Amino acid sequence: MLIIVLVVALAVSGGLVWWFSSGTRPGATQVDAATGSFRDIGNGISVSDNAPETLKAASDDTLVKPPFTQTQPLGGVVHITPDGDLPQPVTLRFALDRSAGSSDVVIAVNRTGAADGWELVAPAKVEGGFAYVSTNHLSWWSPLFRSFGDLTDAVLTELRKNFDGLTGDAFAEAEKPKCAGEDEVRAQGYSITAKGSDPLHWCLGIEAGRPTVRVVDKRRYPIMVNHNGFVVVDRPKSRISLQALAQLYSNDKRTVLLPFDQATLSVQLGKGQSVSLTTEYDGVGESLYQLEFGVTTLLNILTRYGAGGGTISNGAIKLSQYDDVAKYADGLLQVSGCSEAVKQDLTNFGVIIAACFSPDALGTVFGWKGVLLAAVMVAGPVANFFRSQFESLRDLLQGRDKETLIINRGAGTAAVQKDLTNATLPAGVCDSVTPVVLRSGTATVPTKDAGRWIAELLPQAPSLRADVDGDGAENALITVGCTPEGGNASYAEVVVLTATVAGGLRSLGILLPQKAQPQTYAPAVDKLSFSDGRLTMTELTYTPTDPHCCPTVRATTVWSWRAGKFVVVR
């Protein structure tokens with residue numbers, strides 16, 4: 001089958017050229033080609049009798065020819081004058097050098113005469129070897145010819161190429177997520193194991209004091225994440241309609257991820273417990289991906305035919321490319337019937353083709369470029385291929401959509417060593433900028449203000465062993481005295497220690513007495529106790545008249561471990 005393409009340049013200012021199934025544009029009227037009479041104005045063009053007598057058609061080889069590839073010119077560029085608005089719409093008739101039906105003819109339009117201004121509209125009628133177009137503006141015109149069969153073959157080739165990519169490891173160039181506190185959560189005994197074909201990027205960490213898993217879809221198609229046993233902390237933001245539609249099928253047990261989407265899930269396990277999440281390409285993903293896949297194909301076809309759109313390879317897809325696809329998919333979802341078809345969540349693949357890729361829908365969303373695409377998606381060979389391949393896609397993926405992430409909690413790290421007199425404490429103790437290497441309970445360390453301080457375990461000061469952070473492993477709370485080298489302005493701090501996986505020590509916090517009075521010595525720590533998740537520090541503080549040896553005021557400060565840090569609660 002052959003299509004005649006007529007390229008039209010209209011010299012107008014403002015306004016867009018629109019495509020409608022009727023073939024008219026705003027402000028234009030159709031003329032009955034069977035009964036109307038026309039007069040010849042030269043170069044194979046005739047005009048309706050209501051046109052002004054001054055209309056003329058002259059060959060113009062100075063204007064850049066239409067850029068649409070895989071087309072054949074049926075003549076040179078013709079300039080129809082006078083340029084500009086007409087008092088009423090007129091009909092132009094182009095003589096065709098071969099027969100063609102109404103569905104075989106399109107008109108491309110350049111409204112300004114600029115080299116990059118060529119666009120497309122549909123004719124009002126094709127009949128008796130002529131193509132008719134109604135307009136109230138005049139400028140340059142140039143008929144083109146291309147084969148509808150070739151266009152259909154091109155779409156089929158593009159479909160096959162994309163499906164070949166899907167049956168391999170086609171993926172999205174999504175960034176890996178980032179999780180804070182991985183060492184901390186692993187120290188609590190949490191681990192994560194992945195089994196399957198790896199459709200997700202993931203990480204394990206801590207957020208707001210709870211173990212969390214972040215997952216990102218790195219496939220070209222939507223993925224359903226089943227996460228019963230997890231708490232949803234954050235789902236993808238609905239920055240596009242396609243995402244909003246995907247989230248209609250998400251709940252507290254499952255989340256639909258489009259390519260590049262990220263979700264955050266939290267979990268709290270007891271020792272020896274485990275929980276898992278799984279992925280699959282299911283009915284929801286099938287519906288959403290039909291829409292995305294069809295748009296990708298059409299954008300590639302537009303590029304192939306010189307109408308822009310941006311080629312997307314059948315391998316990796318970049319976020320910017322996916323956003324272009326999503327923009328057009330969003331537009332199609334606004335077309336009557338398309339959103340309803342996608343929401344069916346069924347495997348009736350023909351419904352989405354008919355509702356979302358009709359000529360009217362493509363014209364509405366793709367503008368003048370929709371004329372080039374009109375009817376091709378609903379053509380028999382394309383529609384049949386689309387339906388048959390999507391019906392078998394789940395099998396063609398051969399499990400590449402499947403992954404299981406298993407989160408397990410073991411016994412956690414060991415308790416902190418009993419004897420700390422020769423231990424290496426973390427930097428930060430006594431404001432040190434380096435680890436504090438104790439020898440017989442004492443170390444001299446450099447501090448942030450370029451001074452040197454003596455850090456000393458105070459043997460008579462209180463210490464405590466308790467699981468204050470709830471990870472199942474015993475922590476050590478020690479009181480350290482800090483004194484400037486050569487001075488006596490000492491103060492005390494309580495260092496809360498946990499053991500690392502490698503067997504070292506890590507600080508959960510450095511707690512200072514809170515009840516000091518102005519213009520007095522620093523308080524001393526008198527007692528530490530832990531009960532019901534609360535750490536109580538009893539302090540000895542000074543009045544302005546107390547000697548350094550003998551503080552007389554007793555006070556208490558209560559701390560609690562919240563969201564990965566100690567906070568004063570009383």
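Below is a short exchange on how features of this predicted model get their labels.

Me: What are the ground rules for numbering and for this predicted model?
Reply: Residues count from 1 along each chain as its sequence is written, and side-chain values use heavy atoms, with hydrogens and water left out. In this predicted model, local features need pLDDT of at least 70 and side-chain atom pairs pLDDT 80 or more, while totals for chains, interfaces and linings use all residues.

Me: Why is Phe366 called buried?
Reply: Buried means under 20% relative accessible area, exposed over 50%, and partly exposed in between (1.4 Å probe, protein chains only). Phe366 has a relative accessible area of 6%, so Phe366 is buried.

Me: Why does Tyr328 count as buried?
Reply: Tyr328 has 17% relative accessibility, so Tyr328 counts as buried.

Me: What makes the rings of Tyr328 and Phe366 a pair, and of which kind?
Reply: Rings of Phe, Tyr and Trp (its six-membered ring) pair if their centres lie within 6.5 Å; planes under 30 degrees apart count as stacked, over 60 as edge-to-face, and the rest as tilted. Here the centres are 4.5 Å apart and the planes at 5°, so the pair is stacked. Tyr328 sits in helix 5 and Phe366 in helix 8 (residues 359-366), 38 residues apart. Helices (H or I, at least four residues) and strands (E, at least two) are DSSP runs, numbered from the N terminus.

Me: What makes a nonpolar core, and which residues have the most contacts inside the largest?
Reply: A nonpolar core is a set of buried Ala, Val, Leu, Ile, Met, Phe, Trp, Tyr and Cys residues joined through side-chain atoms within 4.5 Å. The largest has 88 residues, and Leu291, Phe357, Phe366 and Ile407 have the most contacts inside it. Helix 4 (residues 283-304) gives the largest share, nine residues. A second, separate core of 20 residues includes Val416 and Val445.

Me: What makes the charge of Arg93 sit over the ring of Phe130?
Reply: The rule asks for NZ of Lys or CZ of Arg within 6 Å of the ring centre and within 35 degrees of the ring normal. The charged end of Arg93 is 4.1 Å from the centre of the Phe130 ring and sits over it. Phe130 also forms one aromatic cluster with Phe38 and Tyr132.

Me: Why does Ser274 count as partly exposed?
Reply: Ser274 has 46% relative accessibility, so Ser274 counts as partly exposed. Ser274 lies in strand 18. Beyond four places in sequence, Ser274 touches Leu269, Ile407 and Asn408 (contact means heavy atoms within 4.5 Å). Ser274 and Asn408 are 134 residues apart in sequence, yet 4.1 Å apart in space, C-alpha to C-alpha.
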